[in-house]
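Let's take a friendly look at the charged side-chain pairs in a protein model. Please have the structure open as you read.

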Amino acid sequence: KSEKLAGSGTESDPYRISDANDLFKMQDIINSTRVKNKNFVLTNDIDLSGVSYAQLKANSVLPGTIVSVDKVSGDVLPLTISFTLDGANHCIFGLNITNTGSAGAAVFGYINSTSVIKRVAFTDITINTTYENAVANGAIALYNNGLIKDCYAGNIKINVGSEANSSVSSKKINALNLKESTGCVAVNTGEIDGLVADNVSINVAANKNNIGAIVGLNSENISNVKAENIVIKTGECDAIGAVAGKNSGKIEKATADNIRANVGSSSAFGGIAGINSGSVISCVTSGKASGSALTGGIVGKAVKTDKNKVTSNVKNCYTFLRAEAGSSTGAIIASGESKHSNNFWSSESCGRVMAYADGSCEGDIVRSLRYTVLKKGTQKVISKASLGGKFAGGSYIVDTTKPISFEGEAIGFNETNDSVIIS
């Protein structure tokens, strides 16, 4: 194929990417100071099944990736060195590589502050990393400092081995100042909005930090994201979460559903963030976690800043994550000091008698809503006057002058003047 892409790069006539060869051509255009317009669009699903790790390792801008902004140039000239990729709801799929070096591996490398990736589905991607000291491990990107908007990650597998390797990472990798991190996006210092991650599996042998299904290490903004059907298995690692391994930024309106986590006993695991010194707001979690001594339905461990200030803040969250092991007592926050308010949990689902490490029990859904379990063939008479209640500083009232509705299969429901009968 020609080294040129179809299109002129303007918003109305973006460069058109129709196959894997075109995807590789993006990088030279992005990093050129002679090209003004750098808008790209996917016109087909992009099959990466024929791409080898040797091709990624040969990347002169950031080894281990297909497309990357040069960090030095991109940070100095953000209005010139940048790109916008509109996936138009197409897929980038099929990448299956084994990283045998200590560099990271992902489709995209560095995404600088003025770059945008939107409406792209990343599916059927497997990243195998042989050595435990590989700096960062991702699927979508190693380092996002820009905007990832309304994207999808499905059937993602990241496996990190335990072999020792004394080789030193390249200067290009070191220039990113990457901390140890593993996730669909290894490090986020930008914004991730509207990402859905479904069927993500992360398996890390040991001795790694900052492991998350969506982001390994987050210091900025994650919002409106969903992590569904997440499987995480690790040895003795630190900071493991279904959304972010470690969070010092803001995570808002995140859902982590059907979590299955089995982590090392010394690890800190959270349904949203393993270790948190930032804000976690309006999030919901469910599933099961085992192995860790510190397992929280929302946050595993809250930590202070370097100036010894309590900055962790968890509010307006719900958790139904069951902790099947561990010595910690907090269903919402397992350990550490944190601000917290208006959170809800289920002592029945979570298997914990306290919501927080400080011993408080705000928002026990089981107690406030009075769940009733009926055996087949039995019935329960419930006084209407008992249906009101208080929870987490609020209250709810049932208007007994109006009919009470109830829906359910094979369940009988009858109403009298002062009670309801469920059978």
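This report goes through salt bridges and their surroundings.

## About the model

This is a predicted model, in which local features need pLDDT of at least 70 and side-chain atom pairs count only at pLDDT 80 or more, while totals for chains, interfaces and linings use all residues. Residues are numbered from 1 along each chain as its sequence is written, and side-chain values use heavy atoms, with hydrogens and water left out.

The structure contains 7 salt bridges, each being a side-chain nitrogen of Lys or Arg within 4 Å of a carboxyl oxygen of Asp or Glu.

## Pairs within helices

Helices (H or I, at least four residues) and strands (E, at least two) are DSSP runs, numbered from the N terminus. In helix H1 (residues 20-30), Lys25 and Asp22 sit 3 residues apart, about one helical turn, and their side chains form a salt bridge at 3.7 Å, N to O. Lys25 is buried at 10% relative accessible area, and Asp22 is buried at 4%; buried means under 20%, exposed over 50%, and partly exposed in between (1.4 Å probe, protein chains only).

Helix H3 (residues 71-76) holds Lys71 and Asp75, 4 residues apart and so separated by about one helical turn. Their salt bridge spans 2.7 Å, N to O. Lys71 is partly exposed at 23%, as is Asp75 at 33%.

## A pair between strands

Asp193 and Lys149 form a salt bridge too, with their closest N and O atoms 2.5 Å apart. Because Asp193 belongs to strand S15 (residues 191-193) and Lys149 to strand S11 (residues 147-149), the pair ties together parts 44 residues apart in sequence. Asp193 is buried at 9% relative accessible area, whereas Lys149 is partly exposed at 29%.
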